[in-house]
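Reader: Could you pick one part of this chain and take a really close look at it with me? After that, I'd like to see what else sits along the chain.

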Amino acid sequence: MSSPLRYLRGLSQSLKKLSPSLHGKVLNMASRSSELFMLKITDKGKANKVEYSNVLFKTVSIKFNGNNNTVILGKNSKLLNVSIYIKGSGHTLTIGENCIMQNTKLWFEDDNSTITIGQGTDMRGAAIAVTEPSGKITIGAGGLFAAGLDIRNGDSHSILDKATGKRINYAVDITIADRVWIGRDVSILKGAKISSESVIGTRSLVPGKYYPPNSLIAGVPARVVKENITWDAKRIYDNQ
């Protein structure tokens, strides 16, 4: 703990008996200072906002390089070793209530793009990148995502038709519905639409197409290998 925080907490204890009200104020200052030491915001723009209430931060970095961007962090969420980089203007990141985000990088480029993560999502190591104007990556509620997840709605660079010179690889939005379980080291590519109650197997490469609800999806490229499934985060045994 840094010496300023030690000082504030020591002062709070000294005031505990002498002035309970002042003790409370100093303790709140110490708690707020501790929170801010765990959250670093770098703002190289104008009118950027970070909105949150009762969020646990540990080694969280938010960097703005543009204007009028908004980050909304839901109540009772936990962000642990999370990096948010926003380049451009008019972007919105929304993380719902009661989420766990760990060892995760969120990246925005161009303008007016959105990343939305639904409440109760548990993400243990991901790189999520949204690029190109008005791009969207939407993740529903209650998802369970293992480490090594890569989600990107674009290719970052241009592929051109040699005859016409026209670009042929524009970004396409990604949608992951409620209650999707994604295994380790999965890549989800532009245009993927993964429906609710589905499971994606370890090391799958998920191309841009529609996957119906209650599907077990696996492979390179990924395909539906079993239908009419659901999942539970608990281990369930036949004799239970």
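Author: R203 is exposed, as 56% of its area is accessible in relative terms (over 50% is exposed, under 20% is buried and anything in between is partly exposed, with a 1.4 Å probe and protein chains only). Before we go on, keep in mind that this is a predicted model, where local features need pLDDT of at least 70, side-chain atom pairs count only at pLDDT 80 or more, and totals for chains, interfaces and linings use all residues. Residues are numbered from 1 along each chain as its sequence is written, and side-chain values use heavy atoms, leaving out hydrogens and water.

So who does R203 meet? Its side chain joins that of D185 in a salt bridge, 3.8 Å from N to O (the rule asks for a side-chain nitrogen of Lys or Arg within 4 Å of a carboxyl oxygen of Asp or Glu). Look at where the two sit: D185 is in the loop between β15 (181–182) and β16 (187–188), while R203 is in the loop between β18 (199–200) and β19 (205–206), so the pair ties together parts that are 18 residues apart in sequence. Those strand names come from DSSP runs numbered from the N terminus, with strands being E of at least two residues and helices H or I of at least four.

Put together, R184, D185 and R203 are linked in a network of salt bridges. As for cover, D185 counts as partly exposed because its relative accessibility is 29%, and R184 is partly exposed as well, at 46%.

By the rule above, the count for salt bridges comes to eight. One of them joins R124 and D122, whose closest N and O atoms are 2.4 Å apart. D122 is buried, with 16% relative accessibility, whereas R124 is partly exposed, with 36%.

Now let's step back from the charges. The chain has two helices and 22 strands. Of its 240 residues, 38% are buried. If you take the contacts (heavy atoms within 4.5 Å) with a separation of 6 or more, 15% of them are between residues 24 or more positions apart.

Eight of the strands make an open sheet, in the order β2-β4-β6-β8-β11-β14-β17-β20, and the pairing is parallel. At the edges you find β2 and β20 (210–211), each with a single partner strand, so one side of each is left without a neighbour in the sheet. Two strands count as paired if DSSP finds at least two bridges between them. Inside that order, β6 (residues 92–95) and β8 (residues 114–117) pair in the parallel sense over four bridges.

N48 is buried, with a relative accessible area of 14%. Leaving aside residues up to four places away in sequence, it touches D43, F64, G66, N67, N68 and N69.

Finally, the rings. The whole structure has three aromatic pairs (rings of Phe, Tyr and Trp, taking its six-membered ring, with centres within 6.5 Å; planes under 30 degrees apart are stacked, over 60 edge-to-face, the rest tilted). Y52 and F57 have ring centres 4.9 Å apart and planes at 85 degrees, so this pair is edge-to-face. Y52 is partly exposed at 22% relative accessibility, while F57 is buried at 5%.

W181 and W231 make a tilted pair, with 5.8 Å from centre to centre and 45 degrees between the planes. This pair links distant parts of the chain: W181 is in strand β15 and W231 is in the segment after β22 (222–226), 50 residues apart. W231 counts as buried at 9% relative accessibility, and W181 as partly exposed at 34%.
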